[in-house]
Structure formats: structure tokens, C-alpha cells
Amino acid sequence: MAKIKCPKCPFEIETDGIVTVCPECHADLTKVMEEAGRAARKTRGSIARDDSVTTHEFIVRTKGLKKIYKMGEVEVPALRGVDVDIRRGEYLSIMGPSGSGKSTLFNMVGGLDKPTEGTCFIEAVDMAQLDAFELAWLRCRKIGYIFQSFNLIPVMTALENVTLPMIFAGMGSDEMMERGQMLLDLVGLGGRLHHKPYELSGGQQQRVAVARALANSPAIILADEPTGNLDLQTGKEIIDLLKELNAESGVTIISATHDLKMIDASDRIIHIRDGEVERIELRSEIDLKIGHLAGAEEDEEPK
Ligand SMILES: Nc1ncnc2c1ncn2[C@@H]1O[C@H](COP(=O)(O)OP(=O)(O)O)[C@@H](O)[C@H]1O
Ligand SMILES: [Mg+2]
């Protein structure tokens, strides 16, 4: 929550969003707003960082995103025109059955693959306009990736896995070790720095992956079914951890799931089906649904 003081009149506004005009005297608040944004980013910069100089409300936007995979002669439409606007600092869940296009959408937003048609903007930047170097820079520093199968490097320790992206970002080795330890501490694995993935449980491996996603203080975390290989309780712990990071550092989280039980953390849910946005659910509707799910669980208990 930022407190914005109008430079022209005594009016003070408390806001989570972006206010560019004073509601009282109509003075231009853009500069004050940017200053407030910079101050907020400074304090939370060590875990995740939104170092944009703009005040775009949306950190990710897709317009008419289509992806058709070609399998020999056969064309598989995976996305059929997806428009989504994702707000800065939002915890967004993308929900849809297996094969609905969630991973394809992630690959486009994360710059891992290119759409057949349509555009994907990160802030105001059209990713299709970036050259290979710029795209690599964006992927390395702006986005942290978490996958269902953890994707840790098996011969490396937890600390080495977490510091690897820092090497690509050109961080010095002392700073790298210190930051790697801080991040592993943050995810509750301060005592497992030198364990290799096979010496860790699934939940612990995913925690290492969460720490790795934070390596270069990203503005966005993309989590593709992060709980898909975990049992219910461990999955909930990972979602709680992501929610905490979202609340404390302001990092935007976009998480794909097909598990309804994981929706509690979400600010919004985008339901996709057959490569299209089916509907968008808001927090108030999510609260209703959680109440309903909790009720159903109580009913299941033996009488
Ligand atoms: N590399 C690929 N080549 C061909 N078809 C693919 C490829 N990746 C995904 N698909 C197809 O695209 C559709 C969407 O897949 P995907 O995005 O992986 O869905 P989800 O992540 O929701 O399970 C599916 O029909 C899938 O078979
Ligand atoms: Mg998938």
C-alpha cells in the first residue's frame, strides 16, 4: 500500500494501484507515483525486484495469442486466440484440464517458444520484437521458472542449482554464495545446502526450485503445475510459500494447476479449455468456492 501525497493540494491517497491524477485538484501525480514505486521496490528488492521505470498496471498482456503445432501433416491448435491481462503483483492461477493449453501459454509468456499468431507483451515490450540477446536477458532476470518435475540438475547440490542462474547473470562468486544461502534459508532449506536432488524429498526439491526461480530477483514467477508431482499436504506447503513470497516481495505469480484445492492463494483464476479462455473468476467468487469446498470436506468426515 503506497501513500501518495498530492504536490499541489493537501490531499493524501492510500492505494495499491496506480493513481495518476489527484481526485481532489486534478494535479498530475505520475512523478509522485513513480517515486513511491521506486521506494517500495528498494525495500523489497532483495528477494524479487520489479525494477521497471514505467507504471504500467499490467505486467503481462497477451493479444490474440494462437499456437498451432504441426505434427507432420496434422495441425494441432493448442491456443486459439488468448487475451489475458495480468496485473503487477497479482497471484494468478491458470486452471484447465490436461491438454487445454496451459503449458503452451506459459511457454509463450516465458519466452520459451513463439506464438504462431498474436502478441505477448511483458510490460509494454512486445516479446516478438526482442533479439536473441534481449530475450535471453529478459528470461534470465525478469522471470523465474518452476516446473512440475522440478528440473534440478541431478549432479549439482541445492546451493549449486540455486546459484547457477546467478552465474548467467554475471554475479560475483561471494555474493552468489551469500545470496544462494539466503534463498535456501528463505525456503526452509538452510540445513540442506550441500544435498543433491536425490538426497531430498519431492517437496524439498521443489523448494530448491523456488529458491532457484528467485536467483536473479525476478519480477514474475511462472509456475507450471508446481504441485503436480507432490502429495496434497506438500503441494499446499509449496503454494503457501509462493503466496508468502507474493505478499512479501510483490513478485507477480502466474501458476498453472488443475487442482481446485490449490485456488485459495489466487487473486484471480483464468479458466482455459481447448486453447481458449473459458471464464475468469475473481477473488470474491473464489472465497465462495473455498467455503463450499471446506463444507464438502466437513461432510466427508465420518459421523
Ligand atoms: N510440442 C508439441 N507438439 C505437438 N503438440 C503439442 C506440443 N505441446 C503440446 N501439444 C498439444 O497442444 C495441446 C495443449 O497442450 P499443453 O499446453 O501441454 O496443455 P496442458 O499444459 O494444459 O496440459 C495438447 O493437445 C497437446 O497435445
Ligand atoms: Mg502442462
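This is a predicted model: local features need pLDDT of at least 70, side-chain atom pairs count only at pLDDT 80 or more; totals for chains, interfaces and linings use all residues.
Helix H2 is largely enclosed by the rest of the structure, because six of its eight residues are buried. The chain has eight helices and twelve strands. Of its 303 residues, 36% are buried.

**Helix H2 and what comes after**

- The buried residues of H2 are Lys-102, Thr-104, Leu-105, Phe-106, Met-108 and Val-109.
- After H2 comes Gly-111, and its phi is positive, near 70 degrees.
- H2 also turns up in the ligand story: with three residues, H2 gives the most to the shell around ligand 1.

**Around ligand 1**

- Which residues sit around ligand 1? They are Tyr-69, Met-71, Val-76, Ala-78, Gly-96, Ser-98, Gly-99, Ser-100, Gly-101, Lys-102, Ser-103 and Thr-104.
- By type, the shell around ligand 1 splits into seven polar residues, four nonpolar ones and one charged one.
- Lys-102 and Thr-104 belong to that shell, and both are on the list of buried residues in H2.

**Helices H4 and H5**

- H4 and H5 pack with their axes 9 Å apart, at an angle of about 120 degrees.
- How are the two helices set against each other?
- The crossing of H4 and H5 is right-handed.
- On the H4 side, the residues that meet H5 are Ala-158, Leu-159, Val-162, Thr-163 and Met-166. On the H5 side, their partners are Met-176, Met-177, Arg-179, Gly-180, Gln-181, Leu-183 and Leu-184.
- Sorted by type, the residues of this contact are eight nonpolar, three polar and one charged.

- Arg-179 lies in helix H5, which covers residues 173-186.
- Is Arg-179 buried or exposed? Arg-179 counts as buried because 20 C-beta neighbours lie inside 10 Å, and 20 or more is what it takes.
- Arg-179 and Thr-163 are 16 residues apart in sequence, and their C-alpha atoms are 8.0 Å apart in space.
- Leu-183 is in helix H5 too.
- Leu-183 has 27 C-beta neighbours inside 10 Å, so Leu-183 counts as buried.
- Leaving out neighbours within four places in sequence, Leu-183 is in contact with Val-162, Ala-211 and Leu-214.
- Leu-183 and Arg-207 are 24 residues apart along the chain, with 9.8 Å between their C-alpha atoms.

**Helices H6 and H7**

- Helix H6 (residues 202-213) packs with helix H7 (residues 232-249) at an angle of about 20 degrees, and their axes are 10 Å apart.
- H6 and H7 are therefore roughly parallel to each other, because angles under 35 degrees count that way.
- The crossing of H6 and H7 is right-handed.
- H6 brings Gly-202, Gly-203, Gln-206 and Val-210 to the meeting, and H7 brings Thr-234, Glu-237, Ile-238, Leu-241 and Leu-242.
- The residues of this contact come out as four nonpolar, four polar and one charged.

**Positive phi in two loops**

- Glu-123 is not a glycine, yet its phi is positive, near 55 degrees.
- Where is Glu-123? Look in the loop between strand S6 (117-122) and strand S7 (125-126).
- Glu-123 counts as partly exposed, because it has 17 C-beta neighbours inside 10 Å.
- Phe-150 is another residue other than glycine with a positive phi, near 65 degrees.
- Phe-150 is in the loop between strand S8 (143-147) and helix H4 (158-168).
- With 21 C-beta neighbours inside 10 Å, Phe-150 counts as buried.

**The chain as a whole**

- Take the contacts between residues at least 6 apart in sequence: 66% of them join residues at least 24 apart.

Notes:
Residues are numbered from 1 along each chain as its sequence is written. Chains are lettered from A and ligands numbered from 1 in the order in which they are written. Helices (H or I, at least four residues) and strands (E, at least two) are DSSP runs, numbered from the N terminus. A residue is buried if 20 or more other C-beta atoms lie within 10 Å of its own, exposed if 12 or fewer, and partly exposed in between; C-beta atoms are placed from the backbone. A residue is near a molecule or strand if its C-beta atom, placed from the backbone, lies within 6 Å of it. Ala, Val, Leu, Ile, Met, Phe, Trp, Tyr, Cys and Pro count as nonpolar, Asp, Glu, Lys and Arg as charged, and the others, Gly among them, as polar. Two residues are in contact if their C-beta atoms, placed from the backbone, lie within 7 Å. Axes are lines fitted to C-alpha atoms, for helices over the stretch in contact, and angles run from 0 to 180 degrees between N-to-C directions. Angles under 35 degrees count as roughly parallel, over 145 as roughly antiparallel, 65 to 115 as roughly perpendicular and the rest as oblique. A crossing is left-handed if the near helix is turned anticlockwise from the far one by less than a right angle, and right-handed if clockwise.
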